[in-house]
Amino acid sequence: MTAQAAARYDDADFIRACRGQAHERVPVWFMRQAGRALPEYRAIRAEHEFEEVVRTPELAAEVTLQPVRRYGVDAAILFSDIVTPLQGLGVGVEIKPGVGPVVEHPVRSAADLERLRPLEVEEDLAFVMETVSILVDELEVPLIGFGGAPFTLASYLIEGGPSKSYTRTKQMMFADEALWHRLLERLADITLASLRGQVARGASAVQLFDSWAGALHPDDYARYVQPHSRRIFDGLADLGVPRIHFGVTTGELLGAMAEAGADVVGVDWRVPLTTARRRVPEGVSLQGNLEPAVALGPWELVEDRVRDVLRSAGGRPDHVFNLGHGVLPQTDPAVLERVVELVHREGRVAPPSATEAHGTGIGVARG
Ligand code: CP3
């Protein structure tokens, strides 16, 4: 590729919304739309382990396509995991069912950094590259590539698995700042190589998941984390694809996450989009933010909450509808299908003439 393949979706609502360009219909996709809630995914998982699915391009591509077929979403997201590139380097990370990524030898010292050599994406992640190529051929909507942000990856590597308090992670951050920065620099380079590889194979946008960055004070985020995430966003700038930056409980970090170099900031459900809009500079789009658990309630509630999100986005051209975090496994897929229909039916971008320089308070068109 590249410029040509990426340009293929320049007119897609999803890409235009990421860029804040005029379009009519609010685009929608869901984090973790592939997997979890879908019976067709569970049927595949009944025969293949999660990691086997990720490592088998035909299966990973099929699972990526399933939600696009069923829900009619405006974008696909690659089926993989944020720790997959680390596994590609031979770092011992196992995905334990019901737990998450578990690291065999946690990173605690300078010597441990040696295991994090530079990623040669075409060799170390050949199966991911092949999956992306299959998808780009088969899809009729943009493919979102993704990677783990340095802080969130570091938290798994240092803790050895999922954590609630991130104590060891913060211990390294505060007690050995030099080692911390060396670790995050290496992780940034690994994720950057992975994302550049996905775009080279035809992904039309990328999302950086800093899922757990919300554990940090804004000053600590700015000092210990933002420079490394910025290194990734800067390193993608020449590719011209929209760059999305997401984390949970990041209400106080939204401005800093935009400043790291994102074109779109993902907002979790705890922060109204009107508030997020004030925290994120003009020219940066917002993505979100229906609470995933709302989809477990009655349709009347879901409908109201979807309309609330659309209303709080204000009919501006710089909004991508999504959940505030991933689809919950208990979700009835039929509900998500109806959410997509509703967003497509009622989510209207106000025409540029009706807005003064990005507009404010424009209602959502009905019917
Ligand atoms: O639930 C499923 O869809 C089953 C497949 C699965 C994924 N990851 C897909 C995935 C499984 C079993 C995992 C393991 C895993 N990895 C867990 C366990 C929890 C779980 O959901 O079962 C966790 C916490 C991780 C680490 C991880 N992976 C994080 C923090 C993120 C970022 C997204 C987030 O939730 O904050 C991922 C990305 C991820 N895992 C994706 C997929 C398909 C890509 C992102 C997306 O689809 O939106």
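**Entry 1. The ligand and its polar contacts**

I began with Arg36, where an N or O atom of the side chain is 2.4 Å from an oxygen atom of the ligand. I note at once that the model is a predicted one. I then looked up Ser211 and found a polar side-chain atom 2.5 Å from an oxygen atom of the ligand. For His325, I recorded 2.7 Å between a polar side-chain atom and an oxygen atom of the ligand. I next asked how much of the ligand the protein buries. The ligand taken alone exposes 810 Å², and the protein buries 88% of that.

**Entry 2. The surroundings of the ligand**

I looked up which residues come nearest to the ligand. There are 21 residues around the ligand, and Arg32, Arg36, Asp81, Ser211 and His325 come nearest. I sorted this shell by class and noted 13 nonpolar, 5 polar and 3 charged residues. I also checked the pockets: the largest pocket is the space that the ligand takes.

**Entry 3. The backbone at Arg36**

I returned to Arg36 and placed this residue in the loop between α2 (13-18) and α3 (39-45). Its phi is near 50 degrees, a positive value in a residue other than glycine. I set beside this the general rule that most residues other than glycine have a negative phi, and that most peptide bonds are trans.

**Entry 4. A cis peptide bond**

I looked up the peptide bond from Gly288 to Asn289 and found that this bond is cis, with omega near -10 degrees. I located Asn289 in strand β8, which spans residues 285-290.

**Entry 5. Salt bridges**

I searched the whole structure for salt bridges and found 19. I recall that side chains of opposite charge can pair when their charged atoms come close. I picked out the salt bridge of Arg201 with Glu122, in which the closest N and O atoms are 2.7 Å apart. I asked which parts this pair ties together. Arg201 lies in the loop between α11 (177-200) and β5 (205-209), and Glu122 lies in helix α7 (residues 121-124), so the pair links parts that are 79 residues apart in sequence.

Methods: Residues numbered from 1 in each chain as written. Predicted model: local features only at pLDDT ≥ 70, side-chain atom pairs only at ≥ 80, totals over all residues. Heavy atoms only, no water. Near = heavy atom within 4 Å. Polar contact = N/O pair within 3.5 Å; in protein donor to acceptor, adjacent residues only side chain to side chain. Areas by Shrake-Rupley, 256 points an atom, 1.4 Å probe, with all protein chains shown as cover. 1 Å grid on protein atoms, 1.4 Å probe; cavity = no way out; pocket = protein on both sides within 12 Å on 5 of 7 lines; lining within 4 Å. Sits in = over half its atoms within 2 Å of the grid points. Nonpolar A, V, L, I, M, F, W, Y, C, P; charged D, E, K, R; others polar. Salt bridge = Lys/Arg side-chain N within 4 Å of Asp/Glu carboxyl O. Helix = DSSP H or I, 4+ residues; strand = E, 2+ residues; numbered from the N terminus.
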